[in-house]
Amino acid sequence: MTRNLILGAVLSSLVLLAALVSFVWTPFDHTAMNIPAKLQTPNAQHWLGTDHFGRDLMSMIMVGARTSIAVALVAVGIGMGAGVPLGLTAAARKGSWLDEMIMRGNDLVFAFPSLVIAILITAVLGAGAINAIIAIGIFNIPVFARITRGAALSLWEREFILAARVAGKNTARISAEHILPNVTNLLIVQGTIQFSLGILAEAGLSYVGLGAQPPTPSWGRMLADAQTMVSFAPHLALVPGTAIILTVMGLNLLGDGLRDHLDPKLRMART
C-alpha cells in the first residue's frame, strides 16, 4: 500500500467517523445557543471554541460532516448511476447518432463551470440540501459518461470481446458482463475524486446560501457566517476551512492511492 493510500484512508476515515458518531453523540446540542459563551476560543469545555451565537463549533463540525458526506455521496451515486450506462451505451454504439447525441450533451454541460450550473439549478429549484444533491448529481453524469465511454472503447476491440460476440452475446450483455467489470477500478478512483469535488460544491452552495438550510450545520455556511468576524475571531473560519481542506485532501490522496494500487501498469512500474 502506498503512503498516499494510507494517509488518504486515515483522513477520510476520521471524517466518516465524526459523521457517524454525530448521529448518537456530540459534545453539545449543535442548535443550542448560549449568548454569554459566544466567540470563545478553543478551551477545555469547547475544544474548537464557539460561534457568534455561543454554539459549540466541534458539534457543528461533526454534524456538518454528516451533511457534506450525505450530499456528496448521493450526488456521486446519481452521477454514476446515470452516467455509467450512458457511457457504456455510447461506446457500444460508437459513431452512431446515439453516441453523437450523448457526447454532444456532455459537451453542453461541460461548457459551463460546475459551480455555475449548480447555482443556476438551485436558484431555479430553491435552496436546500435535496436540490443541492440534484444540482451536483446532474454535473456528475457527463463526467462518468465520458470516463466510462473512453475506457470502454479500448476494450471493444479486445480478443475476449470478439470471443463473446462469436458466442452469440448481444451488445447489452457484453457491456454488462465484460466491459463494466473491466472499467470498475477506474470508476472507483473517479468516484473518490468526484466525491471530494462534491464536498467542495456543497460547501460552495452553502456559502452563497443555496445549500443546506438552518438549523442544519454546513461547513460552507459556517465560513459565510465567519467572514465578517475573521479579524477578531479567526477560529470561526479556521475550523470549518480546515475541515474542508483535510477532507478534500484525504479523498484526493485516497483516489491517487487507489489508482496506484489498482492499476497493474503502475504496480509493475514500481517493481
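Trainee: Which residues is glutamine 194 in contact with, leaving aside its neighbours within four places in sequence?

Mentor: Those partners are Val76, Asn140, Val143 and Phe144. Keep in mind as we go that this is a predicted model.

Trainee: And where does glutamine 194 lie, and is it buried or exposed?

Mentor: Glutamine 194 belongs to helix α7, which covers residues 171–207. To judge burial, look at the relative accessible area: buried means under 20%. Glutamine 194 has 5%, so it counts as buried.

Trainee: Let me try threonine 228. Is it buried or exposed?

Mentor: The cut-off for exposed is over 50%. Threonine 228 has a relative accessibility of 62%, so it is exposed. You will find threonine 228 in the loop between α8 (219–226) and α9 (235–262).

Trainee: How far is threonine 228 from methionine 249?

Mentor: Their C-alpha atoms are separated by 27 Å, and the two residues are 21 apart along the chain.

Trainee: Now the backbone, please. What should I expect of phi and of peptide bonds?

Mentor: As a rule, most residues other than glycine have a negative phi, and most peptide bonds are trans. Leucine 39 sits in the loop between α1 (3–21) and α2 (57–92). With a relative accessible area of 26%, leucine 39 is partly exposed.

Trainee: Which peptide bond is cis?

Mentor: The bond from proline 214 to proline 215 is cis, with omega near 10 degrees. Proline 215 is placed in the loop between α7 and α8.

Trainee: Let's turn to charges. What can side chains of opposite charge do?

Mentor: They can pair when their charged atoms come close. How many salt bridges does the structure hold? There are eight. Let's visit some of them.

Trainee: What joins glutamate 100 and arginine 104?

Mentor: Their side chains meet in a salt bridge, at 2.6 Å from N to O. Both residues lie in helix α3 (residues 97–110), four residues apart, about one turn of the helix. Glutamate 100 is partly exposed at 43% relative accessible area, and arginine 104 is partly exposed at 41%.

Trainee: Which residue does the side chain of aspartate 107 meet in a salt bridge?

Mentor: Aspartate 107 meets arginine 146, at 2.5 Å from N to O. This pair links distant parts of the chain, with aspartate 107 in helix α3 and arginine 146 in helix α5 (residues 129–153), 39 residues apart. Aspartate 107 has a relative accessibility of 31%, so it counts as partly exposed. Arginine 146 also counts as partly exposed, at 34%.

Trainee: With which residue does glutamate 177 form a salt bridge?

Mentor: The partner is arginine 173, and the closest N and O atoms are 2.9 Å apart. Why are glutamate 177 and arginine 173 separated by about one helical turn? Because they are four residues apart in helix α7. Glutamate 177 is partly exposed, with a relative accessible area of 37%. Arginine 173 is partly exposed too, with 43%.

How values were computed:
Residues numbered from 1 in each chain as written. Predicted model: local features only at pLDDT ≥ 70, side-chain atom pairs only at ≥ 80, totals over all residues. Heavy atoms only, no water. Helix = DSSP H or I, 4+ residues; strand = E, 2+ residues; numbered from the N terminus. Buried < 20%, exposed > 50% of the residue type's maximum accessible area, 1.4 Å probe, protein only. Contact = heavy atoms within 4.5 Å. Salt bridge = Lys/Arg side-chain N within 4 Å of Asp/Glu carboxyl O.
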